Amino acid sequence: MSNLTPVTDETFRQAGKVLAVHLSYSSRAAQRGRTPQFPSYFMKASSSLAATDGTVERPAGTELLAFEGEIALIIGTAARRVSVQDAWSYVGSVTASNDLGVHDMKYADKGSNIRSKSGDGYTPLGPNQLDAAALDPAKLRVQTWVNGTIAQDADTSELLFSFAQIIADLSQQMTLQPGDIILTGTPAGSTVFFPGDVVEVEVTDLLTGASTGKLKTTAVEGTTTFGDFGNQPKVNEKDKEDAYGDRQSAGLAPQLTGKDVLTDTVREQLANVATATISATLRKLGLNNVNIEVPGATKGMQRVIGTARTLRYIPNREDLFKAHGGGYNTQKQSIDSLKDGEILVMEARGETGSATLGDILALRSQQLGAAAIISDGGVRDLDAVSNLDIPVFYNGAHPAVLGRKHVAWDKDLTVACGGVSVQPGDVIVADSDGIVVIPPALVEQVAAEATVTESNDEFIFEMVKRGHGIQGLFPMNAEWKLKYNAWKDAGSPELDSWEL
């Protein structure tokens with residue numbers, strides 16, 4: 001074929017499959033806060049294919065119609081179990097595409113994207129195709145404009161996975177037939193657009209300047225609502241964040257983490273109240289299940305305050321350990337990524353028949369500035385671990401390594417440790433008296449209220465020490481509250497010298 005041919009109705013008729021990559025550009029992965037190890041995919045109906053200069057309907061009752069400018073590969077030769085080295089030769093042509101979707105329906109099909117991504121007109125292509133044989137796939141550029149303003153601009157040097165890897169990977173399980181289309185993912189900048197907006201996408205060969213031309217799509221407002229015999233549009237904060245690209249663009253308040261709220265004042269307050277007081281304060285606020293229960297603490301009553309990072313182990317299965325347990329596995333990656341003031345919380349299902357940590361990884365955590373490690377599993381090299389500066393909270397000692405009972409599976413997600421749910425960014429306060437988990441949104445309130453409670457308890461303790469009975473004092477009645485307030489008004493002097 002010549003280097004430039006138009007996308008026609010025949011292009012659409014030949015498309016037996018439309019396959020799409022979830023995450024493939026580093027800028028998009030950074031927005032999502034996760035970088036996949038390998039590519040993953042979903043399918044779009046071939047009936048969603050559309051030509052340039054068309055319209056796409058935002059269904060009545062929806063709000064989150066989003067564009068994703070992408071490079072589309074059109075298979076030229078049947079490919080089955082091809083190598084990465086040979087994969088590009090099976091591509092016939094390259095064109096611009098717009099992977100449109102309505103996020104209001106994303107929930108309905110549990111991640112398959114059938115309805116959110118396969119509506120009529122949701123995959124426009126064109127207007128022209130570039131001959132793949134004349135291209136260097138590492139030297140292509142994709143740009144997207146909304147109403148003439150640039151929204152996306154990236155080139156394929158940013159790809160996490162080469163086009164050749166994607167083709168080879170897909171061909172392992174299915175034959176890619178001539179005419180099949182692969183949408184190769186979108187860079188950062190994808191967001192919501194509205195009825196009347198015009199989105200244009202263009203792919204350019206950086207070596208020659210050859211271009212597909214601008215693929216133009218105009219949004220229109222639908223008038224027909226969804227029938228009551230099927231799922232209705234529904235939107236939550238996560239849908240909005242995904243559709244707009246980030247929380248700020250979606251008009252959402254920033255999601256607090258412990259690092260946002262652990263100011264010097266709050267940290268000092270938490271350092272000076274008992275974990276029991278913090279736990280009681282959370283109970284008053286309706287949170288009862290916030291105490292991680294593990295019996296061991298290498299540093300005794302040393303107080304630890306930090307923000308949670310998480311790591312989850314699954315029960316060992318030999319084939320899974322062979323695939324995921326060796327080398328630079330998830331456990332080592334998690335520990336190597338720790339930052340100053342973070343606490344690594346490990347979910348090990350309470351299984352103490354194998355270690356989840358040893359002295360070398362504990363030392364690495366200490367070097368990186370981690371505040372502590374908490375595991376509801378076992379620890380090996382306990383004597384050496386105890387001699388390190390980093391506090392480690394654990395459920396028992398065991399000499400066996402991971403593979404006896406555990407496979408390190410995933411990190412930085414919600415875990416269960418010692419019977420408690422822990423999310424990345426939660427604030428942890430720990431000593432051998434207890435380990436308390438505080439949601440970031442409540443940290444300032446808990447610290448302030450616990451400080452007041454601690455002051456009350458200090459006063460009561462001193463009064464009992466002086467020989468006063470606890471009736472009316474614990475808790476304080478009106479008479480004792482007057483005395484307590486007088487002490488506070490006096491600037492909380494040393495109680496052992498303060499006169500009632």
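The legends below describe close-up views of a predicted model. In this predicted model, local features need pLDDT of at least 70 and side-chain atom pairs count only at pLDDT 80 or more, while totals for chains, interfaces and linings use all residues. Residues are numbered from 1 along each chain as its sequence is written, and side-chain values use heavy atoms, with hydrogens and water left out.

**View 1. An open sheet is formed by five strands.** The strands follow the order β5-β16-β15-β12-β13, and their pairing is mixed; strands here are DSSP runs (E, at least two residues), as helices are (H or I, at least four), numbered from the N terminus, and two strands pair if DSSP finds at least two bridges between them. At the edges lie β5 (54-58) and β13 (149-155), each of which pairs on one side only. Neighbouring strands of this sheet are turned against each other by 20° on average, direction ignored, the axes being lines fitted to C-alpha atoms and the angles running from 0 to 180 degrees between N-to-C directions.

**View 2. Strands β15 and β16 run antiparallel.** Four bridges join β15 (residues 198-205) to β16 (residues 215-221). Val-198 stands opposite Thr-218, which belongs to β16.

**View 3. Glu-68 and Arg-28 meet through their side chains in a salt bridge.** The N to O distance is 3.3 Å, where a salt bridge is a side-chain nitrogen of Lys or Arg within 4 Å of a carboxyl oxygen of Asp or Glu. Glu-68 lies in the loop between β6 (65-66) and β7 (69-75) and Arg-28 in helix α2 (residues 26-32), so the pair ties together parts that are 40 residues apart in sequence. Glu-68 counts as buried at 9% relative accessibility, and Arg-28 counts as buried at 4%; buried means under 20% relative accessible area, exposed over 50%, and partly exposed in between (1.4 Å probe, protein chains only).

**View 4. Asp-99 and Lys-44 form a salt bridge between their side chains.** Here the N to O distance is 2.6 Å, and the pair links distant parts of the chain, with Asp-99 in the loop between β8 (91-98) and β9 (101-102) and Lys-44 in strand β3 (residues 41-44), 55 residues apart. Asp-99 is buried, at 1% relative accessibility, and Lys-44 is also buried, at 4%. A network of salt bridges links Arg-28, Lys-44, Glu-68, Asp-99 and Lys-117.

**View 5. Arg-115 forms a salt bridge with Asp-109.** The closest N and O atoms of this pair are 2.7 Å apart, and Arg-115 counts as partly exposed at 36% relative accessibility.
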